[in-house]
Amino acid sequence: MALWVRYARNGQEGFGTLEGEAIQPHEGDLFAGATPAGPAFPLAEATLLAPVRPAVFIGLWNNFAEAAAKQGLTHPESPLFFLKSPRSVVGPDATITPPPGYTGRVIYEGELGLVIGKRVSNASEEEAAAAIFGLTCVNDVTALETLTAEASFPQWARAKGADSFGPVGPAIATGLDWSTLRVKVALNGRIRQDYPAADMIIPPARIVSLLSRDITLEPGDLIACGTSVGALPMRPGMTVEVTIEGIGVLRNTFSA
């Protein structure tokens, strides 16, 4: 198991492995044979960035059984997905800010994220599983009134793709068994979401396999697996924390 991070330090960006309270810098390609480069340095000397820069950022809807039951939804056979703008991605401790002029509700959705490590197209589930590099935490932020403003056209991309609406991090964990994980979300320290990843309707390898029939996925692309019950609006000044044991805590503050 390893925890991969991206960081800013002394005016430069880099990537490496998080080892306790230190970062071991690496060079090369994160997804193709990265090697250690130079001595480790204290985590306190760096600012963690989003650990991945996806060219394609996919989010799933209605992919957890408990949430589907609560909303009276049937289980989909294929992923019900939308695209989030890659420019929505921010890292740990970044501020979540709604678009100028938007005064409606903004909700958090804590989710497990899949980071792709190999090019994959029309893949079998076995090939898809091998293409998943690691796992991360995602907060799929949504401007709820934008989503439903036009009755004839739900605005998924706009409601979920605004700048800062895609917090990711703090790390990419390799070697974790996704089915043993729990996704927890705290709002100002109070747990609001706490659900097992194993409650997924469509599991990770099948998600990647089915998506790859429509979209060729490349190293660094990101898939948010959907959320369960407990997603609620944030108020200005609130801190939201998405925690997945083995990955870490993705902490962000919401500001009007």
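A nonpolar core is a set of buried Ala, Val, Leu, Ile, Met, Phe, Trp, Tyr and Cys residues joined through side-chain atoms within 4.5 Å. In this predicted model, the largest such core has 56 residues, and those that touch the most other members are Ile23, Leu112, Ile207, Val208, Leu217, Ile223 and Met234. Helix 5 (residues 204-211) is largely enclosed by the rest of the structure, and the model holds eleven salt bridges.

**Nonpolar cores**

- Leu112 is one of the residues with the most contacts to other members of the largest core. Leaving aside residues up to four places away in sequence, Leu112 touches Leu135, Thr136, Trp178, Leu181, Val183, Ala197, Met200, Ile223, Ala224, Cys225, Ile244 and Ile247.

**Helix 5**

- Seven of the eight residues of helix 5 are buried, and the helix is therefore largely enclosed by the rest of the structure.
- The buried residues of helix 5 are Pro204, Ala205, Ile207, Val208, Ser209, Leu210 and Leu211. Ile207 and Val208 are also among the residues that touch the most other members of the largest nonpolar core.
- The packing partners of these buried residues include strand 7 (57-61), strand 8 (80-84) and strand 12 (110-116). The buried residues also pack against helix 2 (125-131), strand 13 (132-139) and strand 18 (222-224).
- Arg206 of helix 5 is partly exposed, its relative accessible area being 35%.

- Five strands form an open sheet in the order 10-20-19-16-17, and their pairing is mixed.
- Strand 10 (95-96) and strand 17 (190-196) are the edges of this sheet, each pairing on one side only.
- Six bridges join strand 16 (residues 182-187) to strand 17, and the two strands run in the antiparallel sense. Within this part of the sheet, Leu187 is placed opposite Arg190 of strand 17.

- Side chains of opposite charge can pair when their charged atoms come close.
- Arg9 and Glu45 form a salt bridge through their side chains, with an N to O distance of 2.8 Å. Arg9 belongs to strand 1 (residues 2-9), whereas Glu45 is in the loop between strand 5 (41-42) and strand 6 (47-49), so this pair ties together parts that are 36 residues apart in sequence. Arg9 is partly exposed, with a relative accessible area of 27%, and Glu45 is likewise partly exposed, at 43%.
- Arg53 and Glu13 form another salt bridge, in which the closest N and O atoms are 2.2 Å apart. Because Arg53 is in the loop between strand 6 and strand 7 and Glu13 is in strand 2 (residues 12-19), the pair ties together parts that are 40 residues apart in sequence. Arg53 and Glu13 are both exposed.
- Arg206 and Glu125 meet through their side chains in a salt bridge of 3.2 Å, N to O. Since Arg206 lies in helix 5 and Glu125 in helix 2, the pair ties together parts that are 81 residues apart in sequence. Glu125 is partly exposed, with a relative accessible area of 34%.

**Asp140 and its charged network**

- A network of salt bridges links Lys84, Glu109, Asp140 and Lys160.
- Asp140 is located in the loop between strand 13 and strand 14 (142-143). The relative accessibility of Asp140 is 0%, so this residue counts as buried.
- The side chains of Asp140 and Lys160 are joined by a polar contact of 2.8 Å.
- Not counting residues up to four places away in sequence, Asp140 touches Phe82, Lys84, Ile107, Tyr108, Glu109, Glu111, Lys160 and Phe165.

**Backbone features**

- The peptide bond between Gly169 and Pro170 is cis, with omega about 0°. Pro170 is part of strand 15 (residues 166-174).
- Asn62 is not a glycine, yet its phi is positive, at about 55°. This residue is in the loop between strand 7 and helix 1 (65-71). Asn62 is buried, with a relative accessible area of 12%.
- Asn122, also a residue other than glycine, has a positive phi near 50°. Asn122 is situated in the loop between strand 12 and helix 2. With a relative accessible area of 57%, Asn122 is exposed.

Note on methods
Residues are numbered from 1 along each chain as its sequence is written. This is a predicted model: local features need pLDDT of at least 70, side-chain atom pairs count only at pLDDT 80 or more; totals for chains, interfaces and linings use all residues. Side-chain values use heavy atoms; hydrogens and water are left out. Buried means under 20% relative accessible area, exposed over 50%, partly exposed in between (1.4 Å probe, protein chains only). Helices (H or I, at least four residues) and strands (E, at least two) are DSSP runs, numbered from the N terminus. Contact means heavy atoms within 4.5 Å. Two strands pair if DSSP finds at least two bridges between them. A salt bridge is a side-chain nitrogen of Lys or Arg within 4 Å of a carboxyl oxygen of Asp or Glu. A polar contact is a pair of N or O atoms within 3.5 Å; within protein, one must be able to donate a hydrogen and the other to accept it, and residues adjacent in sequence count only if both atoms are side-chain atoms.
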